[in-house]
Amino acid sequence: MPANPSRVAPGESRACWVEAPGRAGLRQAVLPVPGNGEVRVRALHSGISRGTELLVFRGEVPESEHERMRAPFQEGDFPAPLKYGYANVGVVEEGPRALLGRTVFCLYPHQTHYVVPAGAVHPLPEGLPPARAVLAANMETAVNALWDAAPRIGDRIAVVGAGVVGLLAAWLAGRLPGCEVEVIDTNPGRRAIAEGLGLAFASPQAARADADLVIHASGNGEGLATALRLAAFEATVLEMSWYGSRAVTLPLGEAFHARRLTLRSSQVGHVSPSQRARWSHGRRLALALALLRDPALDALLTDAAPFDTLPAVLARLAAGAPQTLCHRIDYP
């Protein structure tokens, strides 16, 4: 190891690995020399997903989903050891002239330097600070969810779960003409953030019923039960949460059938069917980056820490940390 573990020699890199469920560590690796059509990126920031990434950290990915849940540049296999993550922002230090020196987003794990195909990096649009760009994967998920949900002008929309993805989905829905959007969460500390984004906020007990569309993103079975309760006759409940190996019990014996509700899943791995004929993954991610230029979204970046502390940060988030939304990691 070098004398200063925050620094690496040319051709070396440091990455965060899940060594065992509930435990992460930093590893050193030798970078390959970029070949034709490849870029070498020096990381500036990365973001931690409070949903999928923490399920991976805790070892809660079911065996049946081991292949489907692989990240684009994952190394190792579930449950561990593996290198996982998908929200890395950095500067291209070597590669094609058109990308040299550009600040880019990449669906890459937490790593100080990395080499990927040039087509895997996405230049940030003008006006998007690198620190905010770590939200790109979350915004892409929210965009896909709105496509899946297909809200209509004037809809009453309830979003259950005021995490990063839920708030981004609500923020997008709130920009539709005539739509009334209410964010529902058990954490009263999320009220100020929701209202800062121009959204109404309510506890589950005080939430408005008879929503034309309900988006569920709490990651909790009780939240999904709340979503079903708030849905109006023949409304759609869009399920964005992924529970990994956890079982979820739902009250489908109450008014679920009488109200003829539709329960639909949404997942970002495939472009929504309504857009798939015209939208590639790259076009969708470019849209997500462009939407992040609004400075109001900085409110979702509640915490930051240096790369060397990342294993401890993951353990803290997995244990709870209810006030944290997006935790950003900063690189030396």
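This report describes selected local features of one structure, from its backbone to its side-chain pairs and helix packing.

## Basis of the model

The model is predicted, so local features are given where pLDDT is at least 70 and side-chain atom pairs count only at pLDDT 80 or more, while totals for chains, interfaces and linings use all residues. Residues are numbered from 1 along each chain as its sequence is written, and side-chain values use heavy atoms, with hydrogens and water left out.

## Backbone features

Two cis peptide bonds can be described in one loop. Phe78 and Pro79 are joined by a cis peptide bond with omega at about 0 degrees, and Pro79 is placed in the loop between β4 (75-76) and β5 (82-83). Helices (H or I, at least four residues) and strands (E, at least two) are DSSP runs, numbered from the N terminus. Ala80 and Pro81 are likewise joined by a cis peptide bond, here with omega at about -5 degrees, and Pro81 is also placed in the loop between β4 and β5.

Positive phi values in residues other than glycine come next. Ala150 has a phi near 50 degrees and is placed in the loop between α2 (136-149) and β10 (156-160). Its relative accessibility is 38%, so Ala150 counts as partly exposed; buried means under 20% relative accessible area, exposed over 50%, and partly exposed in between (1.4 Å probe, protein chains only). Arg260 also has a phi near 50 degrees, and this residue lies in the loop between β14 (231-239) and β15 (262-265). Arg260 counts as exposed because its relative accessibility is 53%.

## Salt bridges

Side chains of opposite charge can pair when their charged atoms come close. The structure holds 19 salt bridges, a salt bridge being a side-chain nitrogen of Lys or Arg within 4 Å of a carboxyl oxygen of Asp or Glu. One of them joins Arg27 to Glu19, with the closest N and O atoms 2.8 Å apart; Arg27 is partly exposed at 32% relative accessibility, and Glu19 is partly exposed with a relative accessible area of 22%.

Asp148 and Arg264 meet through their side chains in a salt bridge with an N to O distance of 4.0 Å. Asp148 lies in helix α2 and Arg264 in strand β15, so this pair ties together parts that are 116 residues apart in sequence. Asp148 is buried, with a relative accessible area of 7%, whereas Arg264 counts as partly exposed at 34% relative accessibility. Arg260, already described for its phi value, forms a salt bridge with Glu234, and the closest N and O atoms are 2.7 Å apart. This pair links distant parts of the chain, with Glu234 in strand β14 and Arg260 in the loop between β14 and β15, 26 residues apart. Glu234 is partly exposed, with a relative accessible area of 44%.

## Packing of α2 against α6

Two packed helices are described by the angle between their axes and the distance between the axes. The axes of α2 and helix α6 (residues 281-291) come within 8 Å and cross at roughly 110 degrees, which makes α2 roughly perpendicular to α6. Axes are lines fitted to C-alpha atoms, for helices over the stretch in contact, and angles run from 0 to 180 degrees between N-to-C directions; angles under 35 degrees count as roughly parallel, over 145 as roughly antiparallel, 65 to 115 as roughly perpendicular and the rest as oblique.

On the α2 side, Ala136, Met139, Glu140, Val143, Asn144 and Trp147 meet His281, Arg284, Leu285, Leu287, Ala288, Leu289 and Leu291 of α6, where contact means heavy atoms within 4.5 Å. By class, this contact of α2 with α6 has 9 nonpolar, 2 polar and 2 charged residues; Ala, Val, Leu, Ile, Met, Phe, Trp, Tyr, Cys and Pro count as nonpolar, Asp, Glu, Lys and Arg as charged, and the others, Gly among them, as polar.

A search of the whole structure finds 0 disulfides, a disulfide being a pair of cysteine sulfur atoms within 2.5 Å. Cys326 is in no disulfide, and the nearest cysteine sulfur, that of Cys16, is 15 Å away. Cys326 is buried, with a relative accessible area of 2%, and Cys179 is buried with a relative accessible area of 13%.

Gly25 is found in strand β2 (residues 23-30) and is buried, with a relative accessible area of 14%. Leaving aside neighbours within four places in sequence, Gly25 is in contact with Ala15, Cys16, Trp17, Glu19 and Pro311. Gly25 and Leu310 are 285 residues apart in sequence, while their C-alpha atoms are 8.1 Å apart in space.
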